[in-house]
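Welcome! Please take a moment to look over the sequence and the model before reading on. The report below walks through some contacts between charged side chains and then the spaces inside the fold.

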Amino acid sequence: MPQHAPDQLVVTRATPEDWKVVSEWAAAEGWNPGLSDAACFFAQDPDGFFIGRIDGEPVSAISVVNYSPDYAFLGFYLVRPDRRGHGHGLTTWKTALAHAGERTVGLDGVPAQQDNYRRSGFELAYRTSRFGGTVPAGGRPAPADVVPAEAAGLDALLAYDSACYPADRPEFLRHWLTAEGHRALARVVDGRVTGYGVIRPGLDAHRVGPLFADTAEDARVLLDALTADLGGAPFAVDIPEINTEAVALAESLGLTPSFDTARMYTGPIRDFSAPRVFGVTSLELG
């Protein structure tokens with residue numbers, strides 16, 4: 001660091017201010033980033049964000065965020081459209097991947113790029129589909145056992161989240177649950193958390209993620225509560241296709257898929273409860 005490359009590309013670690021530009025690129029690609037995402041992402045691993053410049057002008061970006069000694073996640077792999085085809089993306093990719101060290105790295109990439117990812121050691125695990133739509137204003141009232149996340153207790157939510165994700169991520173979750181515009185709810189039945197979810201505003205639609213739940217009914221109750229105040233505004237949730245109950249729930253609500261991504265890993269990951277993942281946290285950060 002910094003690394004020089006074709007056409008004098010210089011790759012350095014990015015700042016939160018740099019990431020405002022990258023978020024604009026992501027929006028232009030139709031990724032609909034959340035409005036407060038960057039601060040939460042940097043809280044997890046401030047050294048995991050990279051930007052490539054030519055003559056000081058940003059042209060490429062990527063993130064490789066370390067969660068634990070064993071697991072990292074790659075996202076925001078972007079090259080400005082007018083600078084593609086010159087090797088800048090690959091140089092930025094190689095520089096950033098070194099940050100993960102020997103960790104297994106995950107990503108959610110466009111299926112058309114799977115062969116390129118395989119050349120870097122990634123193998124397909126499953127596909128994820130973004131489902132989107134609206135719900136009628138003033139939908140079903142939330143039952144009394146759906147409570148604000150803080151009422152469920154941070155320790156209980158951290159434990160639940162860890163069972164549904166390949167790594168513990170307490171620092172990230174503390175920020176994600178309380179970030180500006182984020183609304184986090186949990187379902188607590190007989191003193192036990194049976195699911196939790198977060199909704200946040202995005203550029204084109206609200207995004208739900210994560211949506212973790214013991215059962216489809218728990219997920220439905222949480223999703224109803226999270227979207228109840230949208231007044232018919234659109235929202236989206238990214239659903240792993242291996243959770244057939246989650247896909248069926250989305251379809252039953254009239255949500256429709258808009259695009260798919262390929263979840264890929266470079267190696268083994270810690271066991272987690274895939275049947276409880278009704279919506280991933282973020283395609284950019286896993």
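Predicted model: local features only at pLDDT ≥ 70, side-chain atom pairs only at ≥ 80, totals over all residues.

The protein chain has a mean pLDDT of 92, with 95% of its residues reaching 70 or more. Confidence is lowest in strand β1 (residues 3-5), where the mean is 50, and highest in strand β14 (residues 277-279), at 98.

**Charged partners**

Back to Asp 238, which also forms a salt bridge with Arg 207, where the closest N and O atoms are 3.5 Å apart. Since Asp 238 sits in strand β12 and Arg 207 in strand β11 (residues 206-213), the pair ties together parts 31 residues apart in sequence. Arg 207 counts as buried, at 1% relative accessibility. Salt bridges with shared partners join Arg 130, Arg 207, Asp 238 and Glu 284 into one network.

Elsewhere, the side chains of Asp 145 and Arg 187 meet in a salt bridge, 3.1 Å from N to O. Asp 145 is in the loop between β7 and β8 (146-148), while Arg 187 is in strand β9 (residues 183-189), so the pair ties together parts 42 residues apart in sequence. Is Asp 145 buried or partly exposed? With a relative accessible area of 21%, Asp 145 is partly exposed, whereas Arg 187 is buried at 12%. A search of the whole structure finds 21 salt bridges.

**Pockets and cavities**

Next come the spaces in the model. Here are their volumes.

| Space | Volume |
|---|---|
| Largest pocket | about 730 Å³ |
| Second largest pocket | about 230 Å³ |
| Largest cavity | about 120 Å³ |
| Second largest cavity | about 50 Å³ |

The largest pocket is lined by 26 residues, and those nearest its centre are Trp 31, Tyr 77, Val 110, Gln 113 and Tyr 117. Two or more lining residues come from each of β5 (71-79), α3 (88-97), β6 (104-109), α4 (114-118) and β13 (256-265). Which element gives the most to this lining? That is β5, with six residues. By class, the lining of the largest pocket holds 13 nonpolar, six polar and seven charged residues.

For the second largest pocket, α1 (16-28) and α2 (37-44) each supply at least two lining residues. Its lining has nine nonpolar, three polar and two charged residues.

Two cavities of 30 Å³ or more are counted. The largest cavity has 15 lining residues, and Tyr 126, Cys 164, Phe 272, Val 277 and Val 280 lie nearest its centre. That lining includes 11 nonpolar, two polar and two charged residues.

The second largest cavity has a lining of nine nonpolar residues, with no polar and no charged ones. Among them are Leu 211, Leu 223, Val 237, Ile 239 and Phe 278. Both β12 (235-240) and α9 (244-252) supply at least two residues of this lining, and the largest share, three residues, comes from α9.

How values were computed: Residues numbered from 1 in each chain as written. Heavy atoms only, no water. pLDDT = per-residue confidence, 0-100. Helix = DSSP H or I, 4+ residues; strand = E, 2+ residues; numbered from the N terminus. 1 Å grid on protein atoms, 1.4 Å probe; cavity = no way out; pocket = protein on both sides within 12 Å on 5 of 7 lines; lining within 4 Å. Points joined across faces, edges and corners; volume = space filled by probe spheres on them. Nonpolar A, V, L, I, M, F, W, Y, C, P; charged D, E, K, R; others polar. Salt bridge = Lys/Arg side-chain N within 4 Å of Asp/Glu carboxyl O. Buried < 20%, exposed > 50% of the residue type's maximum accessible area, 1.4 Å probe, protein only.
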